[in-house]
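Morning, everyone. Please bring up the sequence and the model on your screens. I'll be quick.

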Amino acid sequence: MKQILLVTDGCSNVGVSPVIAAAQAYAAGITVNVVGVVDQGDLVEFGTAEIEEIAKAGGGLSRLSHTRQLSQTVQMLTRKTVVQTIQHAVHRELKQVLGASSIEELPPEKRGEVVRVIDELSETSKLSVALLIDASASMKPKLHAVEEAIRDLAISLKSRQGGSELSVFHFPGSSYGEDCRMDLDWTTDISGVNAIFPRLQMRGTTPTGPAILHVIDFYHKADYGSRKNDETDGMMSDYVV
């Protein structure tokens, strides 16, 4: 299961609409969750609406969180989306196999078994989370809370039974005109998270849409590379004597 977890205070102002970008992510099989970081009521109405619309277009969830609750919110959204994704898949299977459109329509004994399977799959399915951090100037006072939230999320993912991997991006990038930059490639090693934040340079613009597209492209390249490796392994096996 693939997720983009966007942490922002809203109000994108550069490039393609983040709502359109999130819809493209969802079409590519990537769910987009959004955490809106609020502090002293500084998230304006437009930013709140944008956060909700991005998540809706990306097939994910959105939450507004004060910096004090940010870590809990990030973990909750990640896990809740996993359960939601599996539930949708189970509902589709139920409708095709049994004609039942929801778990609630099943007999009690069957319903309990399906719920057990959902719980098990939620914990054991492979999960990839690409964290996308708003590093615009308005986020600077909230950066410490974001750092703690990401570190706690990495620990939480590592405790899952299923394989979990994490990558981290920030936007705008460090160079002038750079929409987004990768800080951490796919990893299960949480030690790399600590080295990210001292290097971040907070800038004025908020190119949320282009940043989401950048992460979609990153997912596509990773998938392509994985397929190429599989093909190469297959060719090599054909020639083993």
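Let's start with one side chain: is F218 buried or exposed? This is a predicted model, and in it F218 has a relative accessibility of 14%. The cut-off for buried is under 20%, so F218 counts as buried.

Now its ring partner. The rings of W186 and F218 have their centres 5.5 Å apart. Their planes sit at 35 degrees, so we call the pair tilted. Look at where the two residues are. W186 is in strand β6, residues 181-187, and F218 is in helix α6.

W186 has another partner, Y219. Here the ring centres are 5.4 Å apart and the planes are at 55 degrees, so this pair is tilted too. Again strand β6 meets helix α6, so parts 33 residues apart in sequence are tied together. Y219 is buried, with a relative accessible area of 3%.

Ring pairs join F169, W186, F218 and Y219 into a cluster.

T208 has 1% relative accessibility, so T208 is buried. Leaving out residues up to four places away in sequence, T208 touches L6, S12, P18, I54 and F171.

Last, confidence. The chain has a mean pLDDT of 82, and 85% of its residues reach 70 or more. Among the elements, helix α6 has the lowest mean, 73, while helix α1, residues 18-27, has the highest, 97. Over residues 235-241, pLDDT stays under 50. The model gives that stretch zero contacts beyond four places in sequence.

Conventions: Residues are numbered from 1 along each chain as its sequence is written. This is a predicted model: local features need pLDDT of at least 70, side-chain atom pairs count only at pLDDT 80 or more; totals for chains, interfaces and linings use all residues. Side-chain values use heavy atoms; hydrogens and water are left out. Buried means under 20% relative accessible area, exposed over 50%, partly exposed in between (1.4 Å probe, protein chains only). Contact means heavy atoms within 4.5 Å. pLDDT is the predictor's confidence in each residue, from 0 to 100. Helices (H or I, at least four residues) and strands (E, at least two) are DSSP runs, numbered from the N terminus. Rings of Phe, Tyr and Trp (its six-membered ring) pair if their centres lie within 6.5 Å; planes under 30 degrees apart count as stacked, over 60 as edge-to-face and the rest as tilted.
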